Amino acid sequence: MSSLTSSSVRQHRPVMLQAAVTMLVTDPQATYVDATYGRGGHARLILQRLAAAGRLIALDRDPDAARDALSIADPRFEFVRTRFSRLGEVLGARSIPAVGGVLMDLGVSSPQLDDPARGFSLRLDGPLDMRMDPDAGQSAAQWLARADLAEVRRVVREYGDERFAASVARAIVARQSAGRPVQRTSDLAEVVARAIPVKDRKDPNQHPATRTFQALRIFINQELEELALTLETAVARMAPGARLVVISFHSLEDRIVKRFIDLRAHPDRAMPRVPLRAAQLPAAMLRPLARVRPDADEIAANPRARSALMRVAERTDAPVQAT
């Protein structure tokens, strides 16, 4: 069986680990999906909760995650290196019609942040890459090299909720135009810091480039689009009674998850405002079960948990009763 003492797990402490797996695994003999393997913290605990007939399929597009998954020698476990929006294809190729639950732990992991070569951290100098899969697509530096002012402003504003998006975009594009391309994390951190006046910074303890780094990472990896697609596929592939467990770390992610669950728990809210009989209303697909934040002890032990929010919903084909 798998062990929670793996060195890879010590490198990354999953947020709300026990709570997430407890909410997810309701049938030890079912097949489950860990859509964001990371460094296997959730996967190892899920395997401990499964019976011999249970099965776990883990997905991740990060090559380092794929290497870590080799350390799990368990016949019930399979790792697939792919983006999680391909969940339906993965299950279809294995003739798995329905699963007992899907777990998604969103965002960037500690090992990714702590490796300067990945380009996620504004506090560690490295190439401005930011790709979850460095073998696919364009890096953040490559995109900035060709993006125009309007594109940069839109991305920083929409994905970073940065009120100084216009100033940040102008500073980045001006530097590129001056023949000093933004190619490293230190370049981006410096140019953004200079673009945002010290007197206008709301939180003096937060680096002024934090929102811009978040925006570029989310955009480069299409994280919000991936999330929306995966939620649809996950629920379509879940058996009645199966659980959807999603841990998010910022409001853009949680807004998508919250709205998705709400509309599938109350499909009438998406219907046109015309008189309908109860029998004409579509049946609910989800029942919201929990909205959980980490407790004070976990936040003290793992500061990354501070912004985490876990939402849990259960697959059902019966209408949800009004509360």
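Contact means that heavy atoms lie within 4.5 Å, and buried means under 20% relative accessible area, exposed over 50% and partly exposed in between (1.4 Å probe, protein chains only). Helices (H or I, at least four residues) and strands (E, at least two) are DSSP runs, numbered from the N terminus. This is a predicted model, in which local features need pLDDT of at least 70, side-chain atom pairs count only at pLDDT 80 or more, and totals for chains, interfaces and linings use all residues. Residues are numbered from 1 along each chain as its sequence is written, and side-chain values use heavy atoms, with hydrogens and water left out.

**Helix α10**
- Let's start with α10 (residues 185-195), where the buried residues include Asp187, Leu188 and Val191.
- Its partners in packing are α9 (165-177) and α11 (210-220), which the buried residues of α10 pack against.

**Helix α12**
- Glu223, Leu224, Glu226, Leu227, Thr230, Leu231, Ala234 and Val235 are the buried residues of α12.
- Seen down the axis of α12, these residues fall within an arc of 145 degrees, so they line one face of the helix; the arc is that of the directions from the helix axis to the C-beta atoms.
- Now look at the other side of α12: Leu229 and Ala236 are exposed there.

**The largest pocket**
- On a 1 Å grid over the protein atoms alone, a pocket is an open set of points where a 1.4 Å probe fits, with protein on both sides within 12 Å along at least five of seven lines; lining residues have an atom within 4 Å of a point.
- The largest pocket is lined by 33 residues, and Gln206, Thr210, Gln214, Phe249 and Ser307 lie nearest its centre.
- Helix α11 gives the largest share of this lining, five residues.
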